[in-house]
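Please open the model in your viewer and keep the selection tool at hand. The stops below say what to select next and what is there.

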Amino acid sequence: MTERPLLPELLRANGISRRGFMKYCAALTSALALPPALAPKIAWALENAARPSVIWLSFQECTGCTESITRSAAPTIEDLIFNAVSLDYHHTLMAASGTAAEEARLAAMEANYGKYLLVVDGSIPVDNPAYSCIAGISNLEMLKETAAGAAAIVAVGTCAAFGGIPHANPNPTGAVAVGDIITDKPIINVPGCPPIPIVMTSVLAHYLTFGLPDLDELGRPKAFYGETIHDRCYRRPFYDKGLFAEGFDDEGARAGWCLYKLGCKGPTTKSVCATVKWNDGTSFPIQSGHPCLGCTEPNFWDNGGFYKPLSTPAGDYRRVGLAAAAAGAALGVAGGLMGRANKARAARAHEAVDAHDLEKKS
Amino acid sequence: MTATLERGLNALREQIDAPVASFFTTCVSCGLCAEACIFYKETGEEKFTPIHKLDLMRRLWANEYTLLGKVKSLLGLGEKITDADLAEWETLVYDSCTMCGRCTLVCPVGNDITLMIRKMREGMSAAGHAPKELVGAAERHSDYGSPMGDLHKALKAQIAHAEKETGIPIELDREGADYMALLSAQEIAEYPGVLAAMSRIFRKAGITWTISTEGFEATNVGVQLGNRDVARTLVSRVVAAAEKLKVKGVISPECGHAYQALRWEGPNLIGKTYDFEVVHIIELLDRLRAEGKLKTKGKDDTRLTFHDPCQINRRGGINREPRNLLGLVAENFVETEDAGTMNWCCGGGGGVGANERAADLRFKAFNRKKRQFEAVGAEKVVTMCAYCHHTLEEQLEEHGMEELEVEGLTELLAEYLDDED
């Protein structure tokens, strides 16, 4: 791997100036909510750091996360960074196939044992490991084997982070997240369906420069998952004024009012979609007129329908409610009967008295 | 038979019904009932919060009528009610409550706290925890016909006196009369002038009336004690007397709880509706006024105010009638603050007036009425309950306000009756 060109050379070869690279590093620094003075440090780390080997495993996934990073027509800086960090194994991106590909993985593992970074996208089926195999090796086995020598794991995409769509009800393969299987390694969850490219690269940059970033209670880097989309949404003023689109083609929708009533999950979804946006800062779902699906949150697929407002209960509450009401009524009737029996018993025990029976006579 | 804890608890158990269960369930502990209670307001003692006075009944309900309570009781966790508890609550339930009904009126969730006090007294009395004065009165009333003992002779003497004064005969036990009048023991003993007043007013209005020697006592200490067996026995006497004389109506006299007992509790106690009408004397007089059968001449020009008896106004519904009548005869009528349905109790009702132990509390409670009378500069207080009348006189004397005159409304009207033929 050492024969690979260093990042500066790659940048020059692709016509990206030093100034452009430094601007990018500043953007990363700001995205990571780090002090601006640290931008040169990030640049230095990206240019000179140990270039740890990265092994990327894809399990039950749709390749959307890889697409997200490599989507752009022209090679992007993100792409280059992936090249710069020695991406030694990636099903989709590597030229090798078959036995040669697996050998590359084993070779990378051996050469950098205990030091390489493991990136995983996709969930892992545990009901029957045969549901998803690569080169005859089940996902579960490959993950365990590869994770054993990793310095840290980045679970990219909601499938790897929380189980994602394969995990959605009725979860036929018994899909689980990386964190459900590997418990003895640091895991950074970078959920999203897919995640925003700069979020993925920033996390890698942070890892190279400073080590593990600060994580929230769901293992997500706080820099990117610290605030809800709702709090940063440009449609928020309409929400505050109570101006809501009620349909996709009504006055409110045309006027760009809040999509809350159309099922927007922005208020409960933590991500930087509203600020960083997608496709080089072009737009994000709400800007294009569609409610947020909440894809960076666990179980987003099962949260009661994408077009139901958050205030509508999710799940089969009607049946549960009826059953609870029936059980409550039965309990109430039973309680009432018991109370009535108690009262009737007391009435039977009543002995009529006259005024002379109201004193204690001993 | 003797009163025991077990009899008391059983009596309480009998009293718990759907309204009680819903009242205890819905109480939000807001404390508004405290603000409505004269004993809390004039002493500031939290134990006088009305709903707290019912805590033992609430505890019994929770232990025996709720699911959680039953489970707790099974596990031996429910807090049991002991005789000592009843002894402690006796003063709360009998000394610091006149059953005036203000708390019921202000309760934001509509809990009838007064009704529950009445119910709780059933348990207290059956357990032997009723004030001895009330038990004594109940015994005398049961045995001799009146809480003051045998008043037959006194009644006859007062009737003779009234006949001499007015020259109008009062016929006892007259069958088929329009009305049978009842009297409270307090009137016979202390304010007999009401007899002459009724005699004159009714003759002028062309009403025939009588008094039964078998059921003239209107009071019902069973209602104050909280013992429905006793209350039923006493109310039955009046009902039997009225049925025997085949009267159209029974006149409930100027007495608060008597009206409550006969008009509202009575039919429930005996389990049937009456075949005669029960009318309060002031209600009847206002009816006569409206029909033009009660005419007056001249007016009382003293600065005069009215004290509403709780059981007759707030809990009895007679509010406009006394004011209509006062309009006929009072030149300088002035209302005190809170007059009418939210009037404050004189402090003597619900058996508290007979309870020696409660004398100090009664004295403190009266401060409110005292301030209200002073605020309007009243020279005379008129009322329509002989026991309020008695309490007002007693308390005004205790508070050094003897110059403030107290008078019954019927007597005041008779003073100005235009009965020249």
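A nonpolar core is a set of buried Ala, Val, Leu, Ile, Met, Phe, Trp, Tyr and Cys residues joined through C-beta atoms within 7 Å. A residue is buried if 20 or more other C-beta atoms lie within 10 Å of its own, exposed if 12 or fewer, and partly exposed in between, with C-beta atoms placed from the backbone.

This is a predicted model, in which local features need pLDDT of at least 70 and side-chain atom pairs count only at pLDDT 80 or more, while totals for chains, interfaces and linings use all residues. Residues are numbered from 1 along each chain as its sequence is written, and chains are lettered from A and ligands numbered from 1 in the order in which they are written.

**Stop 1: the cores**

Select B:Ile201 and B:Val250. In the largest nonpolar core, which has 134 residues, these two touch the most other members. H15(B) contributes the most to this core, nine residues. Which residues does B:Ile201 touch, leaving out those up to four places away in sequence? They are B:Leu285, B:Leu294, B:Leu413, B:Ala414 and B:Leu417; contact here means that C-beta atoms, placed from the backbone, lie within 7 Å. Another core, of 73 residues, lies apart from that one and includes A:Leu11, A:Cys65, A:Val119 and A:Ile153.

**Stop 2: each chain as a whole**

Colour by chain. Chain A has 17 helices and nine strands, and chain B has 22 helices and eight strands. Helices (H or I, at least four residues) and strands (E, at least two) are DSSP runs, numbered from the N terminus. Of the 362 residues in chain A, 38% are buried; of the 421 in chain B, 53% are buried. Among chain A contacts between residues at least 6 apart in sequence, 70% join residues at least 24 apart. In chain B, 83% of contacts with a separation of 6 or more are between residues 24 or more positions apart.

**Stop 3: helix pairs in chain B**

Select residues 228-245 (H15) and 256-270 (H16) of chain B. These helices pack at about 110°, with axes 9 Å apart. Axes are lines fitted to C-alpha atoms, for helices over the stretch in contact, and angles run from 0 to 180 degrees between N-to-C directions. That angle makes H15(B) roughly perpendicular to H16(B); under 35 degrees counts as roughly parallel, over 145 as roughly antiparallel, 65 to 115 as roughly perpendicular and the rest as oblique. The contact residues include B:Val235 and B:Val239 of H15(B), and B:Leu262 and B:Leu269 of H16(B).

Next, select residues 83-95 (H7) and 113-126 (H9) of chain B. Their packing angle is about 140° and their axes are 11 Å apart, so H7(B) and H9(B) are oblique to each other. B:Leu86, B:Glu90 and B:Val93 of H7(B) meet B:Ile117, B:Met120, B:Arg121 and B:Met124 of H9(B). This contact of H7(B) with H9(B) has five nonpolar, no polar and two charged residues. Ala, Val, Leu, Ile, Met, Phe, Trp, Tyr, Cys and Pro count as nonpolar, Asp, Glu, Lys and Arg as charged, and the others, Gly among them, as polar.

**Stop 4: where the chains meet**

Show both chains. The contact takes 23 residues from chain B and 20 from chain A. On the chain B side, H1 (5-15), H5 (55-65), H10 (132-144) and H15 each supply at least two residues. H10(B) gives the largest share of that side, four residues.

Notes
Contact = placed C-beta atoms within 7 Å.
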